[in-house]
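Please walk me through this structure, strand by strand and helix by helix. Keep it brisk.

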Amino acid sequence: MKYFDKVKDYLIELEYEIVHEDKEEYLFIVDKEDKGIKNLILDCEDEILIMEQHLFNLSGPQPEIYKELLQKNTEIIHGAFAIDETGSRVVFRDTLQLENLDLNEIEGSMNSLAFLLSEYSERILKLSQL
């Protein structure tokens, strides 16, 4: 897919460590530990780039945590907190259109995640222990 190489070039230019890439699945896993980003998944299939960072696990339904995360979503510049299909994992997720993707756009999403992790990390740690 033509977008795979484009995304890879952007990741290299932004100095992300590509810890895994799968050209057949159009998938990258990247780190930038100085920004708190570890095992960020980038899936560039179907004309959309999906970025997903696992944050913590939930031990069963937690309506108060759901409410807090939804309220926090209003402050996030790009992307949002989400819960995976099992309901047990909280992730940061963002999607970008690949056809018009440029360096500034992917950098903005990555910076949004990094800012969220730096600003909200103590609370994320506390929520992960509930």
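E5 pairs with strand E6 (residues 89–97) in the antiparallel sense, over four bridges. Strands pair here if DSSP finds at least two bridges between them. Helices (H or I, at least four residues) and strands (E, at least two) are DSSP runs, numbered from the N terminus. Within this pair, Ala-82 has Val-91 of E6 as its bridge partner.

The model is predicted: local features need pLDDT of at least 70, side-chain atom pairs count only at pLDDT 80 or more, and totals for chains, interfaces and linings use all residues. Residues are numbered from 1 along each chain as its sequence is written, and side-chain values use heavy atoms, leaving out hydrogens and water.

Five bridges pair E1 with E2 in the antiparallel sense. Glu-17 stands opposite Asp-31 in E2. The two strands, E1 and E2, form a hairpin with four residues between them. In that turn, Tyr-26 has a positive phi of about 55 degrees.

Next comes E3. E2 and E3 run antiparallel and are joined by five bridges. Here Val-30 stands opposite Leu-40 in E3. This is a hairpin too, with four residues between E2 and E3. Gly-36 in its turn has a positive phi of about 85 degrees.

How enclosed is E2? Five of its six residues are buried, so E2 is largely enclosed by the rest of the structure. Buried means under 20% relative accessible area, exposed over 50%, and partly exposed in between (1.4 Å probe, protein chains only).

A helix covers much of this. Helix H2 (residues 63–73) and helix H3 (residues 103–128) pack at an angle of about 175 degrees, their axes 12 Å apart. H2 and H3 are therefore roughly antiparallel. Angles under 35 degrees count as roughly parallel, over 145 as roughly antiparallel, 65 to 115 as roughly perpendicular and the rest as oblique. Ile-65, Glu-68, Leu-69 and Lys-72 of H2 meet H3 residues Leu-116, Glu-119, Tyr-120, Arg-123 and Leu-127. Contact means heavy atoms within 4.5 Å.

Definitions and conventions: Axes are lines fitted to C-alpha atoms, for helices over the stretch in contact, and angles run from 0 to 180 degrees between N-to-C directions.
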